[in-house]
Amino acid sequence: MDLRKFRPQGGNDITQYCPPLCFELAGQKLELQMDNGYDILLNFIDGKSMEWSWIGATPAFEPWMAHGKSPKKEAYECLKGDDTTYLVSYVCANIEPRVNHVWVIDMEKMLVTRVFCAVGKNPRWPLLITPEVDFGCIKQPGVEYKAYPRHGFSGDMIGNVVQWRYGSELSTVHAYYDPYFYRITYPLDNTTAASKKTSENMNTMVNALPSSDEPINYIKIKDGLYLTVQTESYMEKIRGAAAGFRSDTFCFLENFKRVSFIGRGFGTMTNRENGKEINSPIHIMIGTYGNIIDQTKDPFWEKFTTDPNPYLVN
């Protein structure tokens with residue numbers, strides 16, 4: 001019997017090891033005091049629907065932001081990074097080009113990190129995504145507002161190489177070698193012919209670039225728990241539609257006490273149908289298990305982490 005038929009998505013794709021969605025935020029209202037000065041109310045109506053709206057001043061620097069003047073209803077998905085930390089993601093309804101909000105809600109420290117991703121802001125590369133990160137806190141009754149402490153950008157992860165397994169037929173290796181960049185490769189140690197073929201195809205795509213370096217933000221949420229925001233930027237600028245995946249941005253909440261992560265992918269997939277390019281939206285929730293690689297046992301990893309970044313001036 002093929003047990004894959006019991007999976008809702010079917011097959012062994014990137015979502016195979018994703019844990020069940022979390023519905024614990026249902027019924028809660030959170031006032032978020034953000035460091036950019038524009039506060040937001042998140043109202044989790046139930047386990048699948050929520051509303052967001054600006055509290056007080058409304059940002060005028062992005063046209064789509066006006067949608068939050070009155071409560072804006074969204075369909076959201078939530079996963080847990082640990083017992084008290086939630087990652088919430090939704091694509092704003094009825095807004096084109098598309099906009100995605102990600103919230104990391106830390107109930108232990110009552111802090112929050114948000115990532116706004118918008119398609120269509122760059123006229124040269126219309127599908128390119130540039131994530132915007134901001135930090136804040138959750139308002140508490142009777143607690144005076146303070147500008148610190150906060151989640152924040154961190155170099156703790158630099159120097160590590162980690163293999164992440166998304167399913168039985170897909171894994172990647174991430175080299176966290178630089179404060180602003182990471183590298184990726186697709187290992188050939190999978191157990192099936194299909195999985196090895198997938199890795200070979202993905203490596204062929206990556207090897208068409210000068211290097212696999214792509215921009216990343218490393219954000220410390222708490223001890224052992226980090227948010228990484230990774231964007232397929234050079235892939236989009238150089239390969240474009242030939243790559244298929246178009247500037248996908250990944251927000252991964254990486255738990256190094258468990259060596260696992262949960263997160264979401266947001267972007268565009270381009271396919272060719274009847275000679276035409278068809279762009280399809282991507283918004284998926286992802287989960288993995290991993291292992292931290294001992295770089296001393298294989299000289300490949302030293303080269304992988306020390307080669308110069310060709311996208312930067314010498």
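These legends describe close-up views of a predicted model. Residues are numbered from 1 along each chain as its sequence is written, and side-chain values use heavy atoms, with hydrogens and water left out. Because the model is predicted, local features need pLDDT of at least 70 and side-chain atom pairs count only at pLDDT 80 or more, whereas totals for chains, interfaces and linings use all residues.

**View A. An aromatic pair of Phe44 and Tyr76.** Phenylalanine 44 lies in strand 2 and tyrosine 76 in the loop between strand 4 and strand 5, so the pair ties together parts that are 32 residues apart in sequence (strands are DSSP runs of E, at least two residues, numbered from the N terminus).

**View B. An aromatic pair of Trp164 and Phe261.** Tryptophan 164 and phenylalanine 261 are also edge-to-face, at 4.8 Å centre to centre and 65° between the planes. Tryptophan 164 belongs to strand 11 and phenylalanine 261 to strand 17, so this pair ties together parts that are 97 residues apart in sequence. Tryptophan 164 counts as buried at 0% relative accessibility, and phenylalanine 261 counts as buried at 2% (buried is under 20% relative accessible area, exposed over 50%, partly exposed in between, with a 1.4 Å probe and protein chains only). Ring pairs link both residues into a cluster that includes Tyr166, Tyr226 and Phe250.

Terms used
Helix = DSSP H or I, 4+ residues; strand = E, 2+ residues; numbered from the N terminus. Phe/Tyr/Trp six-rings, centres within 6.5 Å; stacked < 30°, edge-to-face > 60°.
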